[in-house]
Every structure is written in C-alpha cells, then in structure tokens.
Amino acid sequence: MLIIWGSENKETERGWVADYCLNCNEVCPHRVIEMRCVSHIYFISIGKGSLIGFFRICRKCKMTLPTSVEHYSTLLRRPSKELGELISRTHPGLPLQMVLREQAREHLAGGLDNPDERLVTLTDLLIENSLDLETRCASTHIDLYSAMWMLATLGLPIAAFMLCREFAVPGALWPLWGALFTAFACVVMVIVALKGDPSRFARGTVIPTLAPLMKPIRPTQEDIERALKDLKDQRLAVGKKVKAQDLYEAYTLAASS
Ligand SMILES: [Zn+2]
C-alpha cells in the first residue's frame with residue numbers, strides 16, 4: 001500500500017499589531033502570521049508541528065518582514081480603527097523607537113553619536129535584509145555544496161565497492177560493507193550540508209549585502225553584537241545565523257574601501 005506522508009509549512013494568522021513599515025516609512029497596522037512545519041499523512045495534518053517563525057505583513061503595502069510575538073504586548077483579533085489605540089495596546093514602546101528613528105535620520109549625515117540611534121537604525125537594516133534568510137531557514141534549499149554531496153552519495157559507494165573489491169578475496173562481503181558504510185557517511189554529510197545552508201547563505205550573500213549598507217551608520221563591534229543578540233533573543237534567523245565578528249570584519253573592509 002502506498003503511504004503518502006511528509007511535512008508542509010502551514011501559515012496561521014495570529015492577530016494585528018502596530019509596527020514600523022520600512023517600505024511605507026511610517027507606523028502601519030500589520031497582520032502577524034505564524035509559520036509551522038506540520039507533518040501530514042495523506043495530506044491530513046498531524047498535531048501542531050514545530051514552530052518556524054513569525055512574519056508581519058504591512059496592511060498598506062503588503063511588505064513582509066520577520067518578527068517575534070514577544071515584541072508586542074498583545075495581538076488584537078482585528079486592527080483598531082484608531083492607529084493610536086493599536087499602538088498603545090500592541091506596541092507601546094514604538095513611539096520611543098520612532099523618536100530615535102527620526103533623530104537618527106536627522107543625524108545620519110554627520111554620524112550617529114547616540115548608541116541607541118545606531119542600534120535602532122542597524123536593527124531596521126538587519127530586519128529589512130533578512131527575509132530571504134528567514135524563508136531559507138523555513139524550507140529545505142539545495143545549494144551547490146549540498147548538491148555535490150548528493151551526487152557523491154550516488155557515486156562514492158560504487159567507487160568504494162570497486163576499490164575494496166580490488167583487494168578482497170573472491171566471495172568476501174567486506175566490499176559490500178565498505179559501500180554501505182560510505183553510503184551512510186555520504187547521507188550524513190548531505191544532512192549536515194542541508195542544515196548548514198542558511199549559515200552559508202548568511203556568510204555568502206547576507207553579510208556582503210549588509211556590509212556596505214552599514215557605512216552611514218558607522219556601528220562599533222559592540223553595536224553589531226547588541227543588535228544581533230536582540231534579534232537572536234527574538235528568535236529571528238538573522239540573529240542566529242549571522243555572526244557578529246564576520247559582519248564587523250566585512251563592514252570594516254567595506255568602510256575602508
Ligand atoms: Zn508598508
């Protein structure tokens with residue numbers, strides 16, 4: 001009997017909040033979406049699955065960004081008619097952040113001396129450039145490195161068998177065991193390669209994109225560490241996969257060129 005099973009990403013609306021939209025450049029109502037990886041048999045979901053993360057979608061421009069529900073004091077089932085009410089009920093810290101953003105915008109040309117202004121600007125930049133990384137963590141992506149190990153899984157066990165057979169007496173089983181062991185090792189390497197894809201994407205794509213964009217902010221290493229730690233505490237992929245040291249080194253290189 002053919003059993004159809006697997007897993008799929010499932011999106012559920014969790015509620016409405018007020019947040020700063022980096023595209024509209026103002027505070028807008030946002031819909032918060034929870035994404036989970038749910039197992040299914042014959043396309044019938046089993047259980048609640050494992051949490052992948054949360055996303056917020058701007059009601060005005062539909063821009064989607066990763067977020068954390070811990071960021072908000074509560075989520076409302078419907079957006080309030082008054083934006084002020086939505087802000088005070090869901091995101092009371094937002095007005096202070098907006099003041100810092102406004103100050104940072106005014107001071108940006110002359111350099112940001114205030115660490116809180118640097119932090120809020122840097123955090124916005126990191127979130128704005130992290131959607132691809134977040135979705136990469138939410139799905140299995142086969143990059144060149146993973147594909148090479150998949151090809152090796154096909155070829156290396158055969159090569160191991162042929163090589164062992166050259167040295168084995170006729171009828172010996174150990175060439176077969178050699179091939180099986182090689183196949184097992186290759187499968188482990190495929191799993192490791194697939195798991196490591198978001199980190200490679202962070203190093204190869206996200207960091208080189210971010211580094212030149214950080215030049216006007218002029219962050220210190222401590223600023224970068226603080227921003228990434230805040231985002232890691234919010235369980236955002238950019239906070240977990242981007243290493244502060246790597247980002248700081250890429251930034252200093254970009255700033256000196
Ligand atoms: Zn927007």
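R31 has I57 in strand 3 as its bridge partner; strands here are DSSP runs of E with at least two residues, and helices are runs of H or I with at least four, numbered from the N terminus. This is a predicted model, in which local features need pLDDT of at least 70 and side-chain atom pairs count only at pLDDT 80 or more, while totals for chains, interfaces and linings use all residues. Residues are numbered from 1 along each chain as its sequence is written.

- Four strands make an open sheet in the order 1-2-3-4, with antiparallel pairing (two strands pair if DSSP finds at least two bridges between them).
- Strand 1 (5-21) and strand 4 are the edges, and each has a single partner strand, so one side of each has no neighbour in the sheet.
- On average, neighbouring strands are turned by 35° against each other, direction ignored (axes are lines fitted to C-alpha atoms, for helices over the stretch in contact, with angles from 0 to 180 degrees between N-to-C directions).

**Strands 2 and 3**
- Strand 2 (residues 26-41) and strand 3 (residues 44-58) run antiparallel and are joined by 11 bridges.
- H30 stands opposite C58 in strand 3.
- Their hairpin has 2 residues between the strands, and Y42 takes a positive phi near 50°.

**Strands 3 and 4**
- Strand 4 (residues 64-67) runs antiparallel to strand 3, with 4 bridges joining them.
- R56 has L65 in strand 4 as its bridge partner.
- This hairpin has 5 residues between the strands, and K62 in the turn has a positive phi of about 70°.

**Domains**
- The protein is divided into domain 1 (5-77 + 87-92) and domain 2 (138-195), with bounds from an automatic or database domain assignment.
- Their C-alpha centres lie 40 Å apart.
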